[in-house]
Amino acid sequence: MKHLIKNGTLLLWNGTEYSLEQKELLINNSVIEKIGGITPEDAELCEVTDAENKLIMPGLINLHTHVYMNFMKNSADDLPFNNWLFDRILPIESKLNKDDFYWGTMLGCIEMLRTGTTSYLDMHICENECAQAAMDSGMRAFMGKCIRGEDLYEKDGDFSKALEEQEKYESDLIKFVLSPHSVYACSEKMLSQVADEAEKRNMLKHIHMSESKKEVDDCLEKYGKTPVDFLESSGFLDEKTIAAHCVKLNSNDIDILRNRKVNVATNPSSNAKLCNGIAPVSEMLREGVNVCLGTDSAASNNTLNMFREMNIFSLIHKAKKEDATTLSATEVLKSVSINPAKALGMKDEIGIIREGSKADLIFVDLKANSLFPNNNVVSSLCYSANGSEVESVMVGGKFLMKGRQLTVIDEERVYFEIDKICRKYL
Ligand SMILES: [Zn+2]
């Protein structure tokens with residue numbers, strides 16, 4: 001299937017900065033084949049989309065989330081972390097059945113698509129159903145069953161289930177990563193086993209790291225090291241590691257992240273909501289750490305809207321540093337596109353518009369009141385957009401939303417099922 005996208009404004013990256021260009025796009029199956037210079041022969045048998053007044057930009061990448069929790073949003077707020085987790089979230093999670101995970105994930109996919117996210121990195125706790133929902137949504141997903149415990153190879157443990165899921169669902173759009181939960185939920189032995197398996201299988205590792213003061217204090221007490229230092233000495237950290245949160249870091253931790261080329265998924269809303277603080281993002285960027293943005297779950301955020309996250313990300317760090325030059329709009333935009341693409345091993349394939357990249361694109365309405373006038377489009381994406389400006393979404397050359405209508409997911413059915421789930425548990 002070929003698509004010709006006409007009359008749109010492309011957001012292009014030249015290696016240093018973003019620019020806007022009025023050029024046609026030719027998409028052949030899942031890939032951008034040509035940017036401009038499209039001949040009448042090229043355009044033969046194409047499905048044509050008129051993108052007048054639309055910004056065509058790379059779909060956003062959410063580098064840390066737990067999508068199935070979407071139905072829990074606004075069900076446990078204004079609570080201290082331990083009450084939030086142990087009194088509210090975990091008791092609900094323990095009762096969920098497989099269908100609940102499926103519909104919860106579908107609800108999250110709707111929210112992500114409607115607000116311009118095309119790829120996400122998911123840590124889930126229910127093998128098969130979350131991957132099935134990702135597949136049914138048409139989105140690009142990187143996922144892994146959360147691994148916890150003492151020994152990776154225990155019978156019927158999380159690892160064996162994670163591998164079974166990978167075997168069943170891995171595809172061009174769905175890739176699997178190894179997801180040990182954290183230093184407090186996995187033994188030292190298990191973390192080394194995960195590192196060995198990841199290397200052997202050429203897989204990414206996705207872990208929560210240094211999220212809270214308690215996590216760091218407990219790790220210091222148990223191992224005499226910070227979580228970063230401890231994972232470094234376990235041989236866990238490398239350029240194929242994606243570490244979520246990284247809030248409580250000292251300067252030695254940041255040196256380790258830089259030296260090991262660890263990718264960081266920062267989650268400013270979740271860290272603020274759960275009172276864990278503000279990550280040292282400008283310090284990490286200064287050291288050249290690859291900083292990417294994630295929402296965390298909708299139970300701790302309470303949305304998967306990456307435009308809102310970009311806005312909070314930018315403002316919270318300017319306020320913290322009392323310096324308006326902290327985190328430019330360009331750096332923020334990179335943190336949801338170019339940087340996470342690199343973290344996911346898909347540099348130049350997603351997160352950027354170039355010939356040969358995947359056609360994961362969003363169409364943003366430049367005439368939307370929130371963005372108009374278009375004095376500086378990169379700034380408006382960071383500071384003015386709220387996600388409602390996303391008019392169409394394409395993943396791998398296929399429209400999943402067109403003219404604000406979802407084309408693959410049956411939205412009414414999802415809401416019907418979610419209503420039932422909420423009546424059952426909340
Ligand atoms: Zn998380």
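Analyst: One definition to start: helices and strands here are DSSP runs, numbered from the N terminus. A helix has at least four residues, a strand at least two. Also, this is a predicted model.

User: Good. Where does Pro 373 lie?
Analyst: Pro 373 is in the loop between strand E17 (361-365) and helix H14 (377-383).

User: What kind of peptide bond joins Phe 372 and Pro 373?
Analyst: A cis one, with omega about 0°. Most peptide bonds are trans.

User: What about the bond from Asn 301 to Asn 302, cis or trans?
Analyst: That bond is cis, and its omega is near 15°. Asn 302 sits in the loop between strand E16 (290-293) and helix H11 (306-321).

User: What is phi at Ser 210?
Analyst: Phi of Ser 210 is positive, about 50°, although Ser 210 is not a glycine. Its place is the loop between strand E13 (205-209) and helix H6 (213-223).

User: Is Ser 210 buried or exposed?
Analyst: Buried, because its relative accessibility is 0%. The cut-off for buried is under 20%.

Notes. Residues are numbered from 1 along each chain as its sequence is written. This is a predicted model: local features need pLDDT of at least 70, side-chain atom pairs count only at pLDDT 80 or more; totals for chains, interfaces and linings use all residues. Side-chain values use heavy atoms; hydrogens and water are left out. Buried means under 20% relative accessible area, exposed over 50%, partly exposed in between (1.4 Å probe, protein chains only).
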